[in-house]
Amino acid sequence: MAGIDNQPRYDVVVVGGGNAALCAAIAARREGARVLVLELADAFGRGGNTRHTRNMRCAHDTATASLTGPYTADEFWDDLQRVTKGETDEALARFMIEESKEVLHWIAEQGVRWQPSLGGTLSLGRTNSFFLGGGRAMLNALYQTAERLGVEIRYRSEVVEIALEDGVFRTLTVRDPDGCYEVEAAALVAAAGGFESNIAWLKEYWGEAAENFLIRGTANNRGTVLKMLLDQGVAPVGDPTQCHAVAIDARAPRYDGGIITRLDCVVFGIVVNRDAVRFYDEGEDLWPKRYAIWGRLVAAQPGQIAYIIFDAPSLERFMPSLYPPIRGETVADLAHALDLDATTLDATIAAFNAAVRPGTFDHTILDDCATQGLSPPKSHWAQRIETAPFYAYPVRPGITFTYLGTRVNRQARVMMADGRPAPNVFAAGEIMAGNVLGQGYAAGIGMTIGAVFGRVAGREAARHVRN
C-alpha cells in the first residue's frame with residue numbers, strides 16, 4: 001500500500017460518480033476547493049443510476065422554456081406528502097423543494113440542456129424537466145464541466161475503508177487496478193448510492209423473495225460506503241424495506257435494464273398474479289404518482305411475478321417495453337402462453353368486464369371510467385377487455401434505489417447517532433434519500449434529491465475547508 005506522502009492532499013474528496021457526486025464536485029470547485037472524485041465504474045459505465053434517468057422534478061412559479069406551467073412549492077410539497085404518506089422530514093423536504101427552483105437554472109449553467117416539454121402518457125410536462133439526450137447526455141455535460149474547472153476524476157477506484165475519528169473524517173483507502181492507496185482530504189462527500197445491488201443485504205429484510213428482484217440500474221451500488229459510515233456511528237435514516245421499485249419486464253437482465261424495461265401500461269388493463277387473480281386498483285391515480293408502487297406490490301405476490309393483461313385497442317396507447325408483448329388470439333391462448341390457469345384468468349377478466357361502468361375515457365385525467373361492485377376496484381380508466389388479440393407483459397420488481405441511508409441536516413452534513421453533526425462529512429443523493437423519502441416515490445424526485453443536496457454538500461464542504 002502506498003503511503004499518503006505520495007498523494008496530493010485535497011480539500012474535498014467526493015465518493016461516487018453520478019448526478020449528486022458531480023453536482024457536489026462542481027459546487028465545491030466553484031467555491032475554490034481542490035476536488036477529487038472517486039468513481040467505481042470505468043469511464044464508459046460512469047454515473048451510477050443517473051445514466052438511466054430522463055428528468056428532474058423542480059418547483060417553478062411560472063412557465064419556462066421546458067415546462068408548461070407553474071408548479072408551486074406548495075403543490076410539490078402536497079405531491080411529496082401524498083406519495084410518502086407523511087413519512088418525510090418536513091423541514092428538509094421543504095428546503096429541497098425551495099432549492100429546486102434555483103437548481104433548475106443552476107444545473108443548466110453547468111452545461112445540461114433541457115428539452116421542450118413532453119405530452120402523451122407521461123403527464124409530466126408541467127412538473128418535470130427532461131434532459132436533452134437523456135441521463136447520459138446530462139452526465140457527459142457535468143463531467144465536461146467538472147474537468148474543465150479542474151476537478152480530478154479517477155475511474156475504477158473503489159473505496160474500501162473510511163477512517164473517522166469521533167465523527168471526524170481523516171482518510172480513506174482506495175483500491176484501483178494497480179493496488180491500494182490512501183487519500184487524505186479536509187472534507188468527504190459521500191455520494192455512492194444505496195445498497196439495491198447487494199442481494200445478500202436485501203435478503204436481510206425481504207427474505208428469499210429478493211432473489212427474484214431485478215435491479216434497474218448499476219450493479220455497483222452495493223452499499224459499501226453506506227455500511228462503512230453506519231458502522232462508525234453515523235445515524236441511520238429510513239426504513240430498510242422501503243425503496244424506489246417499479247414493475248419492469250420480467251425478461252430484463254438482472255442489472256442495468258434501465259428505463260426501457262419499465263412498463264407504463266398498468267392503467268390500460270388489469271394486473272394479475274401467478275394465480276391469475278387481481279390484487280390492486282390499477283386506476284388509483286395518475287401514472288407519475290403511482291407507477292412506483294407496482295414494484296413493491298409485485299414483490300408481495302407469489303414468486304414475485306405478475307402479468308399486465310390488456311386487449312388490442314390498448315396496444316398503441318403507451319410506451320412499449322424493450323421486449324414485445326406476449327400475444328394470444330383468445331384469453332385461453334394467452335393463459336397458456338403465460339402458464340396461467342385458463343379458467344381462472346377467464347373468470348377474472350369476465351368479472352372485471354361485468355363490473356365496468358360506462359364513462360368517457362381520458363388517460364390524462366382522473367376520468368369517470370370505473371368499476372362497480374368489484375374488489376379490488378379499478379377507480380379510473382376501466383375499459384372492458386374483450387377485443388382480440390389479447391396481450392400481456394410479465395413483470396417483476398425492478399429496484400432503482402433503497403431508502404436506508406445516512407441522516408443529514410440542511411447543510412447536507414452527516415449526523416452522528418448521538419445527535420452531533422459530523423464536522424467534515426457530507427452526503428448527497430441516494431445514500432441520504434431516506435431523509436426525504438420515507439416511502440413512496442413520484443417521477444423525477446430522485447434526481448432532485450441528488451442535484452439539490454449534491455450542490456449543497458459540495459458548497460458546504462468547500463466552505464468548511466475554507467473556514
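## The loop at A192

Where does A192 lie relative to strand 9 and helix 5? In this predicted model, A192 is placed in the loop that runs between strand 9 and helix 5 (199-206). Apart from its neighbours within four places in sequence, A192 is in contact with V15, G16, N221 and V225. The C-alpha atoms of A192 and A21 are 7.7 Å apart in space, although the two residues are 171 residues apart in sequence.

## Helix 1 and its surroundings

Helix 1 covers residues 19-30 and has 12 residues. From its first C-alpha to its last it reaches 16 Å, close to the 16 Å expected at 1.5 Å a residue. The helix is mostly covered, with 10 of its 12 residues buried. The buried positions are N19, A20, A21, L22, C23, A24, A25, I26, A27 and A28.

After helix 1 comes G32, which has a positive phi near 95°.

Three strands form an open sheet in the order 3-5-4, with antiparallel pairing. Its edge strands, strand 3 (55-57) and strand 4 (114-115), each pair on one side only. Strand 3 is joined to strand 5 (residues 128-131) by 3 bridges in the antiparallel sense. Within strand 5, S129 is the bridge partner of M56.

## Aromatic pairs and charges over rings

The structure contains 17 aromatic pairs. One of them is formed by F310 and Y391, whose rings are stacked at 5.8 Å centre to centre with 20° between the planes. This pair links distant parts of the chain: F310 belongs to strand 14 (residues 306-311) and Y391 to strand 16 (residues 390-402), 81 residues apart. F310 and Y391 are both buried. Both also belong to a cluster in which ring pairs link F268, F310, F318, F361, Y391 and Y393.

Charged side chains also sit over aromatic rings. The charged end of R46 is over the ring of Y143, at 3.9 Å from the ring centre. In another such arrangement, the charged end of R136 lies over the ring of F44, 5.0 Å from its centre.

## Backbone features in loops

Two cis peptide bonds may be described here, from S375 to P376, with omega about -5°, and from A388 to P389, with omega near 0°. P376 is in the loop between helix 10 (342-355) and strand 16, and P389 is likewise found in the loop between helix 10 and strand 16.

Positive phi values also occur at aspartates. D256 has a phi near 65° and is located in the loop between strand 12 (243-249) and strand 13 (270-273). D256 counts as partly exposed because its relative accessible area is 30%, between the limits of 20% and 50%. D339, which is not a glycine, has a positive phi of about 60° and lies in the loop between helix 9 (331-338) and helix 10. The relative accessible area of D339 is 68%, over the 50% limit, so D339 counts as exposed.

## Salt bridges

The whole structure holds 29 salt bridges. Among them is the one in which the side chains of E31 and R466 meet at 3.2 Å, N to O. It links distant parts of the chain, with E31 in the loop between helix 1 and strand 2 and R466 in helix 11, 435 residues apart. E31 is partly exposed, at 25% relative accessibility.

The side chains of R154 and E152 form a salt bridge with an N to O distance of 2.8 Å. R154 is buried, with a relative accessible area of 15%, whereas E152 is partly exposed at 31% relative accessibility.

A further salt bridge joins K227 and D231, whose closest N and O atoms are 3.1 Å apart. Both residues lie in helix 6 (residues 224-231), 4 residues apart, about one turn of the helix. K227 is partly exposed at 43% relative accessibility, while D231 is exposed at 55%. Elsewhere, salt bridges that share partners join E31, R459, E460, R463 and R466 into one network.

Definitions and conventions: Residues numbered from 1 in each chain as written. Predicted model: local features only at pLDDT ≥ 70, side-chain atom pairs only at ≥ 80, totals over all residues. Heavy atoms only, no water. Helix = DSSP H or I, 4+ residues; strand = E, 2+ residues; numbered from the N terminus. Expected span 1.5 Å × (residues − 1). Buried < 20%, exposed > 50% of the residue type's maximum accessible area, 1.4 Å probe, protein only. Phe/Tyr/Trp six-rings, centres within 6.5 Å; stacked < 30°, edge-to-face > 60°. Lys NZ or Arg CZ within 6 Å of the ring centre and 35° of its normal. Pairing = 2+ DSSP bridges. Contact = heavy atoms within 4.5 Å. Salt bridge = Lys/Arg side-chain N within 4 Å of Asp/Glu carboxyl O.
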